[in-house]
Amino acid sequence: MGWKDALQYVKGAAEKKGVMGDATQQDLHLPLGARIGGIIQLQKTPFIRAMAKGSFIAMPVDAQAIIKAISRVNLTMSGSVYRYYLAVGDGGKKEIFLQVYANAEGEVSDVIYCSQLTRIIPETDEDQKVFMGLSGYGLGDKTYCLWCEQLAELGYTEADLNAAFDGEEAIEYWRDAGDPEQEFIQPFVGSETRLDDAEGMHGIKQDIYYMPYKRELKSEEANRDQINHKQINHEEIAGDVEYLFITTEIVQSQNGDNSKREIHVDFMIGIPLELERVIIL
């Protein structure tokens, strides 16, 4: 897509070439015309609608947001995944990004606004294997549950929890990949290269294990028995779907420094946006 060797990191920090090598502009020819410093116009209607139905998406503060960083996510799937970061999440802050999927022909088909629910650090080897799907269960299971008690500990108000859980103890998300009847599939594996400036001098390279989950946000009046949770088409019911993206990230390098290694798991809440309403200036 115009990135110059987009996944090639400089091996030695002594070369002083940053994340992407030579200091030439690296954020050209991206889907939707995105670039670092570009402005995404956000309509709040989809967020209001989703939150009224119990979504955990974080309401954008402003109607416009600046793209602080961009990344390409290379995964074991067809097509390409891009992330346009409105908040990079460094220093303990929460990430916010627009996730854009382009098919094998380069056509954009999905645009999903994502805000971070939480980040955890799997400290034991066993926990790390579970969140990488290396134990035959965990990341890649058919369903994933968020528990009301867990979100209460994250600071969600009683009103928000009542709206989302409606008296239930847990919310179930269905895996959005593979055979819906299969109990476990291996998560998608790949890498993400994030650029924090147009020349690619600063950024992060990390290995990732990724699985998308989702649930429907239909109103109580909808006939839930007629909805197949395992085969939701968000193009048909835009605004009624909430995604839960779980990504285990193993940082390999930051700003060309290979000593900055860490592992964490990000839980991102996402809602689809109508493509024709996404404007990048």
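Colleague: How does tyrosine 144 classify at 23% relative accessibility?

Modeller: Buried means under 20% relative accessible area and exposed over 50%, with partly exposed in between (1.4 Å probe, protein chains only). Tyrosine 144, at 23%, is therefore partly exposed. Tyrosine 213 is buried, its relative accessible area being 1%. The model is predicted, so local features need pLDDT of at least 70 and side-chain atom pairs 80 or more, while totals for chains, interfaces and linings use all residues. Numbering runs from 1 along each chain as its sequence is written, and side-chain values use heavy atoms, without hydrogens or water.

Colleague: How many aromatic pairs are there?

Modeller: Rings of Phe, Tyr and Trp (its six-membered ring) pair if their centres lie within 6.5 Å; planes under 30 degrees apart are stacked, over 60 edge-to-face, the rest tilted. The count here is 10 aromatic pairs. The ring centres of tyrosine 144 and tyrosine 213 are 6.2 Å apart with planes at 50°, so this pair is tilted. It joins strand 7 to strand 10 across 69 residues (helices, H or I of at least four residues, and strands, E of at least two, are DSSP runs numbered from the N terminus). Tyrosine 243 and phenylalanine 245 are stacked, at 5.4 Å and 25°, and both are buried. Ring pairs also link Phe131, Tyr144, Tyr213 and Phe267 into a cluster.

Colleague: Which residues of helix 4 are buried?

Modeller: In helix 4 (residues 158–165) they are Leu161, Ala164 and Phe165. Their arc around the axis, taken from the directions to the C-beta atoms, is only 80°, so they lie on the same side of helix 4. They pack (heavy atoms within 4.5 Å) against strand 7, helix 3, strand 8 and strand 10. Aspartate 166, with a positive phi near 50°, follows helix 4.
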